[in-house]
Amino acid sequence: MIKKDVEKILPYVQKPARYVGGELNSVVKDKHKIDIRYAFCFPDTYEIGMSHLGMKILYGMINEREDAWCERVFAPDTDMEEQMRKNSIPLWALESGDALTEFDIIGFTLQYELCYTNVLNMLDLAKIPLFSRDRDESYPIICCGGPCACNIEPVADFFDIVFLGEGEDSTNRALDILKECKSAGLSKNDFLMRVKDVQGVYVPSFYDVDYNSDGTLREVKALSGAPLPVKKAVVSDLNKSYYPDKFVVPFIQIVHDRAVAEIFRGCIRGCRFCQAGFIYRPIREKSVDTINCQSKAVVEATGYDELSLCSLSTSDHSNVNDMLTTLIDWTVKDKINLSLPSLRVDNFSDELVEKLKLVRRSGLTFAPEAGTQRMRDVINKNITEQEVLDTCTKAFDNGWNAVKLYFMMGLPTETMEDIEGIANLAMNVIHAFYKNPNRQKGSGVQVSVSCSSFIPKPFTPFQWEPEDSMESLKEKQKHLLESIPSRKVRVSYHETPSSLLEGVFARGDRRLSKVIYTAFKKGCKFDSWDEHFKFDAWLEAFEENGIDPYFYTLRRRPFEEILPWDHIDFGVSRKFLERENEKAHKAEVTPHCRIHCSGCGADRLNGGKCDARG
């Protein structure tokens, strides 16, 4: 519902469809007939936020409740923000057009660390105080969740509650408690005292943090009977868990403009750099029947002609071939393109290739992650160069002529020889194409190499490792480009200043909230967008607050150091991560979960159940 003051400024902004709502399958309710109003905020533009599966799940789940109404809110682009501030228009929700101050609870999903200033900007546009300590009973509860919540400490001072892990069950329980407290006329603190005992809910204000003289963490104290540690929430059975039967269909093209079917959570692989592979454990799969039914429902309700399978490693589903056969039976007939991201080179079987040949042809993407075998062993990738080449050859045999390879640079123990290995592997893929007698005649090959800068993340075996310096990363990027002799290899890589900032906030502590606030006041926002990133302003913010960013990035942390997220329990045990770190420095590999259970401990938050054990 567009309010008149908003309608007047739409002619002055690009893509006004971002701000009007009213899309197919959006939910509008009578606000006078509900008890709880929830504003789901995505701290980036509409096109990015509308692509996010987590928002689709929680939006549908909350709106299935008769007593609650969930609406969507996205970060306005700079042209819209200018008009909003010029005309004193507060940030609004798309479904009702109401200002955020009219809601009971406002939730942010934190998908990446560089969105933190956008959170502050959205609260500021909503005319809501930024720090939780400054918000009285008249303001909504401000909460957050998402992968960055596993170390929420750098922004903990801004939130009332934090959802840890998977939010389906814990969100519903929190809304139940909020409804009870609201009905009984209880205070915000009464609500916080009750909700703190819900598994997967963290109330930052109920914890005190002390530091040593060298800046490291000395102790985290729980107050008011708050739990210590705080355990993440886990959805035990994905076949019984809520999944939407329809998505909101945007008026404009979004980043991932297609239907999505989630097929399982967690990962069997144990790549030591991958935070998602550890924080989403234990492994839980959906049955083929569930996947098929949910896929059909979403496609029919949206009209999309593309269906993407969502997981950390699609081909690791234990019934992948049966699943594809079932899906292909109707997607081919109905002319629906089936997209399979996240394929592994070591299980790219002949049967899987035959299935892929039935769907629309596109480039294939694989992730060797490192250029040499030693480096792949360090990160526990558990694939060989020959497997990469054999997989690419198999693809070339069957008509593909474009391959994208993902790598990382700045990994622990990495040398320039490992960087040269990236170039050598890319060139060997090209040689494999031209040596292949079955290749597609009359066409060339294109190998795209994408190199991201490695950033150590919490709850991984590399959480103690130093981050590579900006100077070192730039040298490695230059050396990679110099090591590739062919124009058939295209190289892209991340800019290093934003990687520094991401690294600081990934493993930072509560002292960083004042830095983020200062940077916001200096105009920082949309920090993940190169055209908006103000590195100098960030450096000034660190300096003005007496905080050295390199304290968080360049030093190796000893195992005995208390880490800012140690009072949070994401299931995987610290001892397991320590063992994996030690094995990394010996370049020793750990077999994946279906070969041998390594006792990571994540199953204890799920009653001892883990689908990786079969």
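How many helices and strands are there in the protein chain? There are 20 helices and 19 strands, both taken as DSSP runs numbered from the N terminus (helices are H or I with at least four residues, strands are E with at least two). What you see is a predicted model, in which local features need pLDDT of at least 70 and side-chain atom pairs count only at pLDDT 80 or more, while totals for chains, interfaces and linings use all residues. Residues are numbered from 1 along each chain as its sequence is written, and side-chain values use heavy atoms, with hydrogens and water left out.

Let's start with the whole chain. A compact globule of 614 residues would have a radius of gyration near 25 Å, and the protein chain agrees because its value is 24 Å. This radius is taken over C-alpha atoms, and the globule rule is 2.2 Å times the number of residues to the power 0.38. Along its principal axes, the C-alpha trace spans about 75 × 65 × 50 Å.

Now look inside. Of the 614 residues, 60% count as buried, meaning under 20% relative accessible area (1.4 Å probe, protein chains only). Take contacts (heavy atoms within 4.5 Å) between residues at least 6 apart in sequence: 76% of them join residues at least 24 apart.

Notes: Buried means under 20% relative accessible area, exposed over 50%, partly exposed in between (1.4 Å probe, protein chains only).
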